[in-house]
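Here's a quick briefing on a few packing details. Have the model open while you read.

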Amino acid sequence: MNLMRYQRGLPAHLTAGALAFFTLGSAWAAPLPKGVTLGPSVEGITEYRLANGLKVLLFPDASRPTVTVNVTYLVGSRHENYGETGMAHLLEHLMFKGSRKNRDITRQFADRGMDFNGTTSLDRTNYYEVFQASKDNLDWALQMEADRMTGSFIAQKDLDSEMTVVRNEYESGENSPSGVLVKRMQSVAYDWHSYGRSTIGNRSDIENVRIANLQAFYRTYYQPDNAVLLVAGKFDPDATLARISRLFGVIPKPKRTLPAFWTVEPPQDGERSFAVRRQGDVQIVMLGYKVPSAIHDDSDVMAFASTILGDVPTGRLHKSLVETGKASQVFSFGQTGYAPGLQYVGAVLKKGEPVEPLRDALTQAVESFGDTPPTPAEMERVRRLYENEMERSLNDPQRVGVALSETIALGDWRLFFTGRERIKTITAEEVAAVAKRYFRRDNRVTGTFIPDDAPQRVVVPAAPSVESILEKFKPSASTFVSEDFDPSQANIMRRTQLATAGGVKLALLPKKNRGEAVTVDLRQHIGDEKNLFGTGAVPELTAAMLMRGTSRYTREQLADEFDRLKIAGSLSHFQTTREHLPEALRLVAHVLKEASFPQAEFEQLQRQAIVGLEASRNEPSALASRALSQHFDLYPEGDVRHANTFEEDMAELKAAKLGDLTDFHRRYYGSVPAEMAIVGDFDAAAVAPLVEELFGAWKAQENVAPVLRRYAAIAPLAKTIDTPDKENGVYLARLNLDLNIDDPDYPALMLANYMFGEGGLRSRLMDRIRQKDGLSYGGGSQLDAGDLDRAGSFMISAIAAPQNLQKLDAAVREELARAVKEGFSAAELAGAKSGLMQQRVQTRADDGALATGWTSYLYRGRTYEWSREFEAKLMAVTPAQLNAAFRKAIDPARLSVVLAGDQDKAKDKAAAVKAP
């Protein structure tokens with residue numbers, strides 16, 4: 001039983017020409033049976049339809065004393081679900097195991113001398129029988145097909161007995177080097193579409209399929225509305241149609257709805273290659289190119305290219321590779337169907353000879369084919385070949401049944417004839433253009449069969465059962481102890497010891513943690529706006545070099561020490577355990593003070609930084625962020641607050657020297673002043689003097705002072721950045737605010753920001769752009785206020801497909817204008833207060849956030865008492881205060897917006913939407 005039909009000599013028979021040659025005149029002399037309607041008729045083939053949806057094709061031809069009965073079901077391997085590969089083909093086997101009225105179908109075939117078979121392909125399954133023309137034989141064949149359409153047993157005993165047969169068929173295919181290569185080509189070429197699965201299926205699926213799954217598959221697809229019955233040969237059309245009406249018409253029209261399939265394989269984004277190593281005696285190089293569906297206009301044209309390349313002995317590949325001795329054999333064929341398929345081109349080489357020259361020559365010959373259009377002789381030869389083949393098919397009732405099965409699976413049997421008409425009009429220029437369109441590097445998959453007597457195959461063992469693993473498991477007694485810590489500000493203040501260790505402001509909050517975990521946060525301060533001017537990339541590179549080696553440790557040894565001391569995090573914020581905290585603090589101090597700056601590590605870091613910067617050159621998010629930052633930039637080049645261009649960043653990275661880093665570290669690094677917070681399981685009395693010893697007197701040479709920013713009202717910007725070949729787009733918007741965290745309006749603005757965009761899916765922004773309009777997967781807003789200055793901002797960000805960015809911009813502006821005009825409701829405010837307060841409590845319950853909060857407060861000369869007072873202000877905000885503050889601060893007309901996305905994609909999608 002053939003699994004699929006590869007046709008080198010026949011094109012895809014796709015719809016292209018007009019249907020003017022179709023005749024719709026009456027092909028039925030007698031009155032039609034009740035419930036039967038007449039359909040189109042073409043060259044002696046007439047279509048009828050039964051009330052239950054069954055299509056019937058009658059093709060009377062008295063020239064031969066035989067009849068062909070063919071039933072095509074519109075189901076193939078592409079309809080199988082996960083874990084059910086091979087099911088369509090397995091079901092084909094079981095259809096010969098008997099039905100309600102025909103319990104031994106194969107015996108009855110033999111008794112009547114009938115030639116019979118079934119075949120399964122990607123899109124369809126067909127069953128046919130060819131027999132001596134007689135009323136008795138035809139009546140039996142029709143009643144048998146009607147009976148097994150919905151009455152086949154599909155029984156467990158038949159599955160058990162047939163399993164060995166199907167498995168053997170699978171195994172026979174595994175012996176074929178070319179067959180295995182085709183299967184691997186399918187799986188490598190397709191990422192998502194079910195054409196990437198071989199029709200024979202996966203061995204484990206075949207061997208483990210449940211009979212209930214097969215029966216459900218059968219009941220879904222083996223129904224009259226999903227089938228086409230063809231009778232061709234010597235028979236009486238009137239009597240046959242009446243008989244069909246009686247036998248098949250009694251089958252009820254199914255109430256189920258056939259599953260819809262919507263997977264579209266995305267374009268391949270680069271050449272792929274694979275190798276199959278097995279025992280064998282030949283080498284094979286096979287190229288696969290994704291090509292359109294067989295009903296696309298390019299498909300018949302591609303068939304011409306395939307034959308001109310692969311025909312023997314007239315094809316170009318035969319002449320350039322076989323006749324020159326580079327290959328022993330060449331081939332070319334298409335595997336297409338209802339969905340886009342593959343065009344295969346390949347060559348066979350003697351075992352032991354170098355395969356690379358053949359692979360290169362084959363690839364060059366195929367991908368340069370379009371540069372040399374077919375000659376008139378080549379075009380005429382292929383046209384004549386196809387026309388002769390189609391004529392022979394129409395002259396043979398048995399062949400026409402199988403040939404029409406392919407076009408039936410595409411949607412309509414008449415496509416056979418439209419394809420024939422299309423053949424007459426295909427030009428050499430079309431063939432060359434189609435070859436150029438699809439025979440391209442990034443659309444190529446290269447497969448190689450390499451004979452190997454000792455393949456290094458790895459069999460991954462099956463996972464053991466969970467029960468077997470747990471059977472001998474004996475849990476140890478837990479030694480982890482933790483306390484029920486109250487994260488209120490009042491409790492935090494009671495539990496925290498504030499001290500000064502030399503020049504370090506220190507906050508110590510000991511508490512019992514599970515696993516004796518403890519978190520350290522260290523805030524160092526480096527330079528001021530004057531002495532940092534012109535340092536470029538040096539500060540960032542210096543910080544990145546600290547962990548790459550010290551006076552005592554190499555980079556590898558340093559990593560081992562961090563693991564030994566259970567240090568997780570960075571030098572400025574890390575977690576360890578009570579036992580290891582003293583050593584961890586000593587190690588961190590050592591790294592900060594005695595980094596050795598190895599030359600090789602610096603060169604490696606510099607290369608990585610340059611490559612990382614290059615990687616961001618065309619990224620929508622990086623481009624949009626840089627453009628927005630530059631628009632709001634107030635500072636000259638060289639100032640640490642300046643928003644660099646890409647070129648400035650690159651120049652600074654390349655200009656940095658190792659000596660610059662060592663000098664910067666010597667002059668700028670220190671821990672006086674600094675802030676440190678330690679939260680978790682530790683001995684505060686022992687840690688405080690250690691902190692003073694390690695950090696209390698380490699003072700930098702250069703002056704240290706806060707680098708402040710200034711507020712400025714910036715004119716609005718509307719900018720679109722083209723990011724070619726990027727599937728996703730980015731939306732960024734910003735509005736500068738004259739705002740400090742101690743301002744009376746700050747609590748109200750924080751609540752308004754939460755309601756507008758910070759509150760996730762519950763926010764107005766996300767409710768609009770995701771929940772209602774479906775434009776974006778993610779987005780939000782952000783409010784920043786100065787702590788030591790007044791440089792605040794309000795920002796909005798989101799992602800969207802390039803064609804949706806303009807819609808996204810409009811939606812954001814509408815929501816922002818609505819919030820300003822209509823304000824927020826009392827219910828929204830109550831929800832925002834609840835949400836924000838719960839978030840803040842959860843944040844304080846996290847040791848890392850609690851430690852970071854302490855160093856931030858210590859830097860500003862505050863404590864968690866400020867946090868308590870701020871939350872009281874939050875809870876006191878009224879709807880009137882909220883809306884007044886938002887209207888005062890937010891002016892939608894001043895919003896600067898940057899959109900970054902592929903403009904070609906945006907135009908193409910917009911044009912597709914407008915097209916009828």
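Helix 26 (residues 746-758) and helix 32 (residues 879-889) cross at roughly 85°, with their axes coming within 9 Å. That makes the pair roughly perpendicular, a label for angles of 65 to 115 degrees. This is a predicted model, where local features need pLDDT of at least 70, side-chain atom pairs count only at pLDDT 80 or more, and totals for chains, interfaces and linings use all residues. Residues are numbered from 1 along each chain as its sequence is written, and side-chain values use heavy atoms, leaving out hydrogens and water.

**Helix 26 with helix 32**
- On the helix 26 side, the contact (heavy atoms within 4.5 Å) is made by Ala 748, Leu 749, Leu 751, Ala 752 and Met 755.
- Helix 32 brings in Gln 881, Leu 882, Ala 885, Phe 886 and Ala 889.

**Ile 308**
- Ile 308 lies in helix 9 (residues 297-310) and counts as buried at 4% relative accessibility.
- Beyond its neighbours within four places in sequence, Ile 308 touches residues including Phe 369, Pro 374 and Met 379.
- Thr 375 is 67 residues from Ile 308 in sequence, yet 9.8 Å away in space, C-alpha to C-alpha.

Note on methods: Helices (H or I, at least four residues) and strands (E, at least two) are DSSP runs, numbered from the N terminus. Buried means under 20% relative accessible area, exposed over 50%, partly exposed in between (1.4 Å probe, protein chains only). Axes are lines fitted to C-alpha atoms, for helices over the stretch in contact, and angles run from 0 to 180 degrees between N-to-C directions. Angles under 35 degrees count as roughly parallel, over 145 as roughly antiparallel, 65 to 115 as roughly perpendicular and the rest as oblique.
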